[in-house]
Amino acid sequence: MPEDDTIDRIIQRDLDRLPMLPADRWVPRTQPPLNWMHRAAFVPLSALIILVAVGAGLGLADWRAHRTATDEQQAAGQGVPGPLALAGGAPSLGFGLVSSSANTLLVRNETTPDAPFVYTSVLPQVAVSPNGHEIAFWRTATDASGMTSYQLDLKDILVSGGSNGATGPVPTGRLLTVPDGDVPGPIVWSSDGTGLIANTHTPATRGGDATASRPHASWFKVDVASTKVEQLPQAFDSFSVIYAWDRSRDLITGSTTSFGSPSLAGGPTFLTAKAGVFESHPVPNGGAISAADLYAKSVVIAYAGGCKGPPADSTLRCPVLEIRDQATFAIITGSAPVEATSGFPDVVFRPRSQDLIVQLPLRNGDARVELWSDLGRGTHQVLATYTEGPPFTARRELILPRVDGSAVFLLKFDGSAGGRWFGEVVALGSSNEKRLDPKRTTFEILSGGNPLASVVLDPAFARAMAPATQSAPSPRPAIAVTTPTGVNALPTTPQPSPSGPLTACGLVTGYASDGARMLLTLSTSDGTLQFNLEYQFASSPPPNDIGTRFAAKMPELIRVVGEQVPPDTGSPNAIRLKDFTVTRVDSCGP
Amino acid sequence: VTDGRDWETLYRNAVPRVYPALLATLRDPELAEDALHEAFAEGLKRPPATSENLMGWLFRVALRRARRRRWTFISLHGQERRAAADEISALLDRMEAGRLLTLLTERQRALVVAHYYLGLTQAETAILFGVRPGTVSATIAKALTRMRKGAANA
């Protein structure tokens, strides 16, 4: 008969012989509630959820749509720099598109097919910094022994040049090497552009081998200035996606994908890590995360069931967009139910803002793109309507906003033409609605490969965009590039002196005009100069065919003489003149 | 416990002791693992004020989570889960401690394991489980009686 001390010894001895949980499973690989969901079906609970959803789902969505958050929660605009209008609804030399083609990243300006920057042996993904000209991507590297590894690489396309090995102020080369056996995952910039978070994970396996060790994901944060790399705590392994990293608030937001049937798992879970404290917020039943801004301010949840009653056609949906605070997941605002559509809307944030670009697939097969200002609380402006179906597909990458927030590319892939992307550039903030006919549009995106992201190529524009968190200058009227040509020179405008007489003469390498002023780029003996010339300050009318000749690739020499004045905020490093004359000359000699 | 990293370190130090305790109490490896994970998440969200008695804290939170969850679900992988549970039960039944603990209710098992395996005093156990010290004492005494009786019958 065991005594107390005997029982003590027996229990100690026997329980120590029990099989130990493998160390790689001590910490949950997925968020615990989902882990449970993954393995278990809440039969009574799910039945209850279904009943409640059937009985009250539509009303709930409507109720959500009209709920508002507290003033504190609504202060979502702080820290968001505000959109610029450095270019309008036409391709611009000052901006480019990063595209991927056959393990190569191409960076091209919007108007020409030439790729000034080419990065080889890379994966088809890129993360563009908030300032618009630093890009991070994964590159494969092979060492002397023939072993291949993935490395996180960083380039500033304004200073690094086109070669793979070029360097600049931004650290280049290997920032992070993916651990053996893992593959690279998403890359996210911090909202202030000073850091990166990158993911590595075990490759997805097929067949569901229950005996295999569980897949894992690791997240690393990189300080760009110091190149210091730090692995995030293992609790981050449950993040499938990271949306934003606000270093000033020590806040990281993301989500984990749902497991099993959405009706059981309730969709994805929104996750936050603030100062090391983790919180998970299940997305309400029927909801899906549609978009999140990179400032860790707002996240858009799309719900079906916004109709006042069931739609007559069961293939249609009545979506409601609900905006929640990324830090707390509290509701900020919801849209009124929109008209029935054939699918969920596509939503992207207008860069540098809390405006939403929403594409609605309409019931007749057409689609409509709208700009919803201030998280949908402001005006809803129709940007474009596609008149023929099927419209531009719902693939999100086809709605590609320009990095300064001035325009959006609405792109479509045409496989029959040997593979090309084409579409329209639509100015944001302009009142001109476009009606697009995908079959008739003549504009082709000359990026080559598959467009991934927008970047800024004009240093003057880049300076206007930095720092990322500056207060927003008033959007300037757009300057439309009227002369897409093969000219590929990018202006490298030196800092102009703030005042005094100025004379310059050179070859025209860039020209844009909006009727009120011209943006003229000259290649001179002193380097490339960019002028911001308002017609109202001209002493005599400038030639009216500069753009025409430039478009026709006719070399032309232009002399500019005037009184230099401080630049405006839209183009802080373009030279601005008053009392100026612009004349065409045969030579730039004295 | 100040932040997530501290918590994870403390947690990892405690797991080798707490997991067998959960296994012996719950007799279900998947349930024990899930409960442990939930306790970890609970600690990330609301870390215990002090690292003292962390094993006891983890044990108690995990048990509470396991109890809250267990009746509500049926397993999507029922056969696998049952097989794993049967395997542990068979192993426990081959052990003297396992056979004796089987004679107890789950609550009795929890208190016995906390006291005899995790080394908590009856007072600490009472605080953790939110009961009076006398209740712990009485429950353990009753459990011992039952175990002795079971051992004698064997």
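Reply: A:Arg352 counts as buried, because its relative accessibility is 3%. Buried means under 20% relative accessible area, exposed means over 50%, and partly exposed lies in between, with a 1.4 Å probe and protein chains only. This is a predicted model, in which local features need pLDDT of at least 70 and side-chain atom pairs count only at pLDDT 80 or more, while totals for chains, interfaces and linings use all residues. Residues are numbered from 1 along each chain as its sequence is written, chains are lettered from A and ligands numbered from 1 in the order in which they are written, and side-chain values use heavy atoms, leaving out hydrogens and water.

Where does A:Arg352 sit? Its place is the loop between β21 (346-349) and β22 (356-361) of chain A. Helices (H or I, at least four residues) and strands (E, at least two) are DSSP runs, numbered from the N terminus. The backbone of A:Arg352 deserves a look too. Its phi is near 65°, a positive value in a residue other than glycine. Most residues other than glycine have a negative phi.

A:Asp579 also has a positive phi, about 50°, although it is not a glycine. A:Asp579 belongs to strand β34 (residues 575-585) of chain A. Is A:Asp579 buried or exposed? A:Asp579 is exposed, with a relative accessible area of 52%.

Another positive phi sits in a turn. A:Ala275 has a phi of about 50°, in the turn of a hairpin formed by β15(A) and β16(A), with two residues between the strands. Strand β15 covers residues 269-274 of chain A, and five of its six residues are buried. On one side, β15(A) pairs with strand β14 (residues 251-256) of chain A, in the antiparallel sense, over six bridges. Two strands pair if DSSP finds at least two bridges between them. A:Ser255 stands opposite A:Phe270 in β15(A). β15(A) also pairs with strand β16 (residues 277-282) of chain A, again antiparallel and over six bridges. There, A:Leu271 has A:Ser280 in β16(A) as its bridge partner. In a regular strand, side chains alternate between the two faces of the sheet.

Now a sheet in chain A. Four strands form an open sheet, in the order β4-β3-β2-β29, with antiparallel pairing. β4 (117-120) and β29 (450-456) of chain A stand at the edges, each with a single partner strand, so one side of each has no neighbour in the sheet. Neighbouring strands of this sheet are turned by 20° against each other on average, direction ignored. Strand β3 (residues 104-109) of chain A and β4(A) share four antiparallel bridges. A:Leu106 has A:Val118 in β4(A) as its bridge partner.

Step back to the whole of chain A. Its secondary structure comes to seven helices and 34 strands. Of its 590 residues, 54% count as buried. The accessible surface of chain A comes to about 24,100 Å², and 55% of that belongs to carbon and sulfur atoms. Accessible areas come from the Shrake-Rupley method with a 1.4 Å probe; for residues, only the protein chains shown count as cover.

Chain B has eight helices and one strand. Along the sequence, chain B follows the pattern α-α-α-β-α-α-α-α-α. Of its 154 residues, 53% count as buried.

Helix α6 (residues 106-116) of chain B is mostly covered, with nine of its eleven residues buried. Among them are B:Leu111, B:Val112 and B:Tyr116. Two packed helices are described by the angle between their axes and the distance between the axes. Axes are lines fitted to C-alpha atoms, for helices over the stretch in contact, and angles run from 0 to 180 degrees between N-to-C directions.

α6(B) packs against helix α7 (residues 122-129) of chain B at about 135°, with the axes 9 Å apart. The contact residues include B:Ala110 and B:Ala114 of α6(B), and B:Thr125 and B:Phe129 of α7(B). Contact means heavy atoms within 4.5 Å. α6(B) and α7(B) are therefore oblique to each other. Angles under 35 degrees count as roughly parallel, over 145 as roughly antiparallel, 65 to 115 as roughly perpendicular, and the rest as oblique.

α6(B) also packs against helix α8 (residues 133-153) of chain B, at about 100° and with the axes 9 Å apart. That makes α6(B) roughly perpendicular to α8(B). Contact residues here include B:Arg107 and B:Tyr116 of α6(B), and B:Val136 and B:Ile140 of α8(B).
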